[in-house]
Amino acid sequence: MASKSTQDKGDLKSIFHDPDHYIKSFGVYAQASAKYQVLANWGENVFSEVVAEKLQVNIADGEAFRALGVGVGSGEMDTKMMCKLRNRYPLISNIAVEPAAGQIKLYQDLATKMAVKLNGITTDWRKQGLDEFRRSKVESGDTTKYHFISSIHSLYYVDDLDDSVKWLYDQLEDGGMMMIITVSDNSGFWRLWNRYKLFEDQLLRFCNSEHIREACSKQKIPFTNYKQKSRVDITDSFEEGNVDGQLKVDFLAHVVDFHSTASPALQQELLEYLGGPECSERRDGEVLFDNDWDAVIVTK
């Protein structure tokens with residue numbers, strides 16, 4: 001159901017217009033949640049079982065395994081996946097696509113700290129979104145295909161979702177695998193975004209795992225879906241003047257300075273919805289946001 005608020009869309013700006021604010025709000029959100037822990041545990045345990053051990057690609061002696069990561073962020077998940085893949089493929093050429101310069105710097109710092117574990121893995125960081133990366137490949141005549149492709153919470157920011165899924169699939173080598181992670185179609189995140197469509201703009205188009213599965217089905221791309229439960233403590237978002245709480249709301253709504261740009265009526269409405277049963281559960285005095293996500297795994 002769409003929001004009935006009369007908030008002027010012009011007052012609200014997507015968080016992607018301000019990369020520094022995005023990094024700040026995401027950092028607070030991630031620290032207050034088990035998000036990285038969940039992703040890291042998934043990369044440490046489930047990824048090996050459902051991807052790394054099932055890959056059936058032929059790599060010639062001396063040839064590098066080719067990986068493409070879209071939306072790699074600060075690298076916590078990507079480095080874990082690369083380490084798991086390195087157990088099978090001693091040489092890996094990894095293209096890491098990420099539009100936020102601050103996130104790339106964090107990834108590079110992490111890679112430096114993990115240099116021993118990442119031995120044999122060369123990473124080429126590209127400060128680009130997926131659409132920009134696609135254009136650069138076409139313009140340069142690059143026909144490289146990849147043995148593994150990951151897209152982690154990055155397909156919210158493409159011009160055409162169905163076409164992007166098809167293009168990524170076309171970039172896979174035969175026997176290669178692709179992993180697309182998005183918010184679950186029954187998560188609090190999706191219910192929030194679906195209710196407040198006015199938060200979308202030219203840089204952000206809300207989608208969920210059902211849209212990814214539909215895109216695959218339309219193009220007869222076989223897939224397996226893995227669900228992951230995740231909760232985020234947003235209790236301080238309901239404390240007036242709490243800066244961290246405000247930053248969490250900014251990240252959830254994907255709006256820059258929501259507390260100062262949204263009308264008082266919209267702020268109250270959104271907070272009530274965030275704290276209600278559609279988005280959150282209450283436990284021991286805490287408000288825990290439903291951050292469930294799905295991983296759609298594709299084999300070519």
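Analyst: Let's start with Ser151, which touches Val70, Met179, Ile180 and Ile181, leaving out residues up to four places away in sequence. Please keep in mind that this is a predicted model. You will find Ser151 in strand β4, which covers residues 146–152. Is Ser151 buried or exposed? Its relative accessibility is 1%, and since buried means under 20%, Ser151 counts as buried.

Asn225 lies in strand β6, residues 223–228. At 25% relative accessibility, Asn225 counts as partly exposed. Which residues does Asn225 contact, once neighbours within four places in sequence are set aside? They are Arg213, Asp294, Ala295 and Val296.

Now for the helices, with α9 as our guide. Two packed helices are described by the angle between their axes and the distance between those axes. Helix α9 spans residues 243–253, and helix α11 spans residues 264–275. Their packing angle is about 85°, and their axes are 12 Å apart. That angle makes α9 roughly perpendicular to α11. On the α9 side, the residues that meet α11 are Val249, Leu252 and Ala253; on the α11 side, the partners are Leu270, Leu271 and Leu274. By class, this contact of α9 with α11 has six nonpolar residues, with no polar and no charged ones.

Helix α9 also packs against helix α7, residues 188–195, at an angle of about 75° and with the axes 10 Å apart. How are α7 and α9 oriented to each other? They are roughly perpendicular, because angles from 65 to 115 degrees count that way. Here α7 brings Phe189, Leu192 and Trp193 to the contact, while α9 brings Phe251, Leu252 and Ala253. The residues of this contact of α7 with α9 again divide into six nonpolar, no polar and no charged. Notice that Leu252 and Ala253 of α9 take part in the contact with α11 and are also listed in the contact with α7.

Let's follow the chain onward from α9. His254 lies in the loop between α9 and α10, the latter being residues 258–261. With a relative accessible area of 1%, His254 is buried. The backbone angle phi of His254 is near 60°, a positive value in a residue other than glycine. Asp257 lies in the loop between α9 and α10 too, and the phi of Asp257 is near 50°, again positive in a residue other than glycine. Asp257 counts as partly exposed, at 29% relative accessibility, whereas His254 is buried.

Finally, let's step back to the whole chain. It has eleven helices and ten strands, and 53% of its 300 residues count as buried. The C-alpha trace spans about 65 × 40 × 30 Å along its principal axes. A compact globule with 300 residues would have a radius of gyration near 19 Å, and the 19 Å of this chain agrees with that. The chain exposes about 13,500 Å², of which carbon and sulfur atoms supply 48%.

Methods
Residues are numbered from 1 along each chain as its sequence is written. This is a predicted model: local features need pLDDT of at least 70, side-chain atom pairs count only at pLDDT 80 or more; totals for chains, interfaces and linings use all residues. Side-chain values use heavy atoms; hydrogens and water are left out. Axes are lines fitted to C-alpha atoms, for helices over the stretch in contact, and angles run from 0 to 180 degrees between N-to-C directions. Helices (H or I, at least four residues) and strands (E, at least two) are DSSP runs, numbered from the N terminus. Angles under 35 degrees count as roughly parallel, over 145 as roughly antiparallel, 65 to 115 as roughly perpendicular and the rest as oblique. Contact means heavy atoms within 4.5 Å. Ala, Val, Leu, Ile, Met, Phe, Trp, Tyr, Cys and Pro count as nonpolar, Asp, Glu, Lys and Arg as charged, and the others, Gly among them, as polar. The radius of gyration is taken over C-alpha atoms; the globule rule is 2.2 Å times the number of residues to the power 0.38. Buried means under 20% relative accessible area, exposed over 50%, partly exposed in between (1.4 Å probe, protein chains only). Accessible areas come from the Shrake-Rupley method with a 1.4 Å probe; for residues, only the protein chains shown count as cover.
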